[in-house]
Amino acid sequence: MPELPEVETVRRELSPWLSGRIIRRAKLADADPAPKYAHLEKASQQRILQVNRRGKFLLLPLQNGAELIIHLGMTGVILARKPRRHIRVILDLSGPSQRRLYFQDPRRFGRFLVVPGGDYRTLPTLHRMGPEPLSEAFTTNHFHRALSASRAPIKSLILSQRPVAGLGNIYVDEALWAARVHPLTPARALSLRKVDKLRIAIVRILEESIAARGTTFSDYRTVGGESGGFFQQLDVYGRDGESCRRCATRLRKRVVGQRGTHFCPQCQRLPRLVKRDR
Ligand SMILES: [Zn+2]
């Protein structure tokens, strides 16, 4: 699933195509109208003011005060060249050059809808989303406060998007490995020092991945149909059975909150107190 670096890469690519352009027509292709594509018709005849991002969501404020919201889901891509299959939305744009963009989504988890500007009540994840990790709002103190209120496993809590926005399975696993935190550690058991390490790891990994235009995995492509280059830099994700780059222990994979989770059993220990409880 595309995470923050992949969505940010798409945003940067889309921005010159879409900012200031008028959507002549937003057309639903092979998809059910609601709720994932609710009120899409309201984007027609509207100028796109900007292309913003929040977590894994693209937010496009429109001239009439509404907001076009795009979530790529598992397999959503926005393409300038017409794909053969699985087209869900077609955007006809004003302007001299490219006139059309296609939203292709084989597995149909994506969303492409219009809401009143800033009103995300129909999108609970967005509505309750934590700070942007690459903004000044994401401080160690804020992060520590958000984590100390929960006994959920740190991995599951970060995936909820509530303590910080934008991380999915890949970047959570990478950040936890970098900070030497076991994915099952109860969030509130992390010391301020550990939380600081984890925050620094999150910021560094996301920045490096954005610089590499994201990680390529099965379905993610940029608007031009290219792939991202961060895949080679992954330290744990998808490397179960291989050696830890820090201590050479064999990396393991187990399920945490229904997600395949990669970690080093040597570098990422559960705190002793937790072990006794289990
Ligand atoms: Zn290790």
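1. The largest pocket lies between domain 1 (4-122) and domain 2 (140-277), because both of them give residues to its lining; the domain bounds come from an automatic or database domain assignment. The model is a predicted one, in which local features need pLDDT of at least 70 and side-chain atom pairs count only at pLDDT 80 or more, while totals for chains, interfaces and linings use all residues. Residues are numbered from 1 along each chain as its sequence is written, and side-chain values use heavy atoms, with hydrogens and water left out.

2. The volume of the largest pocket is about 410 Å³, and of the 19 residues that line this pocket, Met1, Lys56, Phe57, His71 and Thr125 are the closest to its centre. A pocket here is an open set of points on a 1 Å grid over the protein atoms alone, with protein on both sides within 12 Å along at least five of seven lines, whereas a cavity is a set of points where a 1.4 Å probe fits but cannot get out; lining residues have an atom within 4 Å of a point. Grid points are joined across faces, edges and corners, and a volume is the space filled by probe spheres set on the points. The lining divides into eight nonpolar, eight polar and three charged residues, where Ala, Val, Leu, Ile, Met, Phe, Trp, Tyr, Cys and Pro count as nonpolar, Asp, Glu, Lys and Arg as charged, and the others, Gly among them, as polar.

3. The second largest pocket has a volume of about 250 Å³, and the closest to its centre, of the 15 residues that line it, are Ala38, Leu113, Val114, Val115 and Thr122. Strand 9 (residues 111-116) gives the most to this lining, with five residues; helices (H or I, at least four residues) and strands (E, at least two) are DSSP runs, numbered from the N terminus. By class, the lining of the second largest pocket holds eight nonpolar, two polar and five charged residues.

4. The structure holds one cavity of 30 Å³ or more, and the volume of the largest cavity is about 40 Å³. Its lining consists of Leu14, Leu18, Ile70, Ile78, Leu91, Leu101, Tyr102, Phe103 and Phe112, with helix 1 (4-18) and strand 8 (100-104) as the elements that give two or more residues. Strand 8 gives the most, with three residues, and by class the lining has nine nonpolar, no polar and no charged residues.

5. The zinc ion is coordinated by the SG atoms of Cys244, Cys247, Cys264 and Cys267, at 2.2 to 2.3 Å; donors are N, O and S atoms within 2.8 Å of the metal (3.2 Å for Na, K and Ca), and sites may look incomplete because water is not among the atoms. The four donor atoms subtend angles of 101 to 114°, so the arrangement is tetrahedral, a label that for four donors requires all angles to lie between 85 and 135 degrees.

6. The donor residues of the zinc ion follow the spacing C-x2-C-x16-C-x2-C in sequence. Among them, Cys247 in the loop between helix 6 (192-211) and strand 10 (252-256) and Cys267 in the loop between strand 11 (259-263) and helix 7 (272-277) are 20 residues apart, and the pair links distant parts of the chain. Cys247 is partly exposed, with a relative accessible area of 30%, whereas Cys267 is buried at 10%; buried means under 20% relative accessible area, exposed over 50%, and partly exposed in between (1.4 Å probe, protein chains only).

Conventions. Four donors count as tetrahedral if all angles lie between 85 and 135 degrees; four count as square planar and six as octahedral if opposite donors are over 155 degrees apart and all others between 65 and 115; anything else is irregular.
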